[in-house]
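Please read the following report with the sequence and the model side by side.

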Amino acid sequence: MAPSNHQKHQAGRHLAVAEALLHGHSASLHGAQTFVTINGRTAAVQVAAQGGWMIVDIDRMTAMSVDLYVLVDVTEGRRDFYVVPGDDLRAGVRERHDEFMASVGGVRPRTPNSRHAAIYPANVEAWRNRWSFVRRREPARNWGRGLLTDCTTGARPARPPAALPPGCAAQ
């Protein structure tokens with residue numbers, strides 16, 4: 001009997017955890033459906049079993065704030081992993097979708113109301129096996145005015161910075 005889509009997705013989550021563990025990271029399943037935790041960071045897992053990752057609604061996907069994605073390709077027995085920063089993945093998906101829509105005059109020829117998009121391995125090849133993106137979380141240092149770490153590197157500076165880098169905030 002062939003596995004269902006749900007079984008393939010759950011297997012992909014387990015494979016992502018196993019692969020992270022084999023790369024020396026701490027990892028576990030997080031919740032019942034989509035997420036895993038790797039080195040204290042929550043990552044969304046998407047599984048491709050037929051050559052690509054399907055996005056049902058491009059607007060919903062690009063509005064998400066997921067920090068990290070692990071794309072697992074199990075097509076035809078493969079076990080390929082793409083560890084992609086969330087902002088990079090969303091920007092790439094949006095750019096390719098906008099280019100496609102421009103090439104067809106702004107309206108899909110067969111299904112005008114569809115919000116579908118897809119990610120193919122060639123789109124994310126630069127992130128294949130990039131487990132280095134899953135840095136270990138350093139414990140925050142308490143400087144008396146809140147807990148701070150350098151959110152751009154995850155490192156603990158020896159003393160408080162004069163100003164936080166853009167996009168950082170006290171925890």
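Contact here means heavy atoms within 4.5 Å. By that criterion, V66 touches F35, A44, G86 and R90, not counting residues up to four places away in sequence. The model is a predicted one, in which local features need pLDDT of at least 70 and side-chain atom pairs count only at pLDDT 80 or more, while totals for chains, interfaces and linings use all residues. Residues are numbered from 1 along each chain as its sequence is written, and side-chain values use heavy atoms, with hydrogens and water left out.

V66 sits in the loop between α2 (58-63) and β5, where helices (H or I, at least four residues) and strands (E, at least two) are DSSP runs numbered from the N terminus. Its relative accessible area is 10%, so V66 is buried; the term buried stands for under 20% relative accessible area, exposed for over 50%, and partly exposed for what lies in between (1.4 Å probe, protein chains only). The C-alpha atoms of V66 and D87 are separated by 8.1 Å, although these residues are 21 residues apart along the chain.

The chain has 4 helices and 9 strands, and of its 171 residues 35% count as buried. An open sheet of 5 strands runs in the order β1-β2-β3-β5-β6 with mixed pairing, two strands being paired if DSSP finds at least two bridges between them. Its edge strands, β1 (27-30) and β6 (80-85), each pair on one side only. Within this sheet, β2 (residues 35-38) and β3 (residues 41-48) pair in the antiparallel sense over 4 bridges, and the bridge partner of I38 in β3 is R41.

| Helix | Strands it lies across | Running angle |
|---|---|---|
| α1 (residues 5-22) | β1, β2, β3, β5 (68-73) and β6 | about 155 degrees to β1 |
| α3 | β5 and β6 | about 95 degrees to β6 |

R108 lies in the loop between α3 (86-103) and β7 (117-119). What does R108 touch, not counting residues up to four places away in sequence? R108 touches H97, F100, M101, S114, R115, H116 and A117. The backbone oxygen of S114 lies 3.2 Å from a polar atom of the R108 side chain.

Technical notes: Polar contact = N/O pair within 3.5 Å; in protein donor to acceptor, adjacent residues only side chain to side chain. Axes fitted to C-alpha atoms, helices over the stretch in contact; angles between N-to-C directions.
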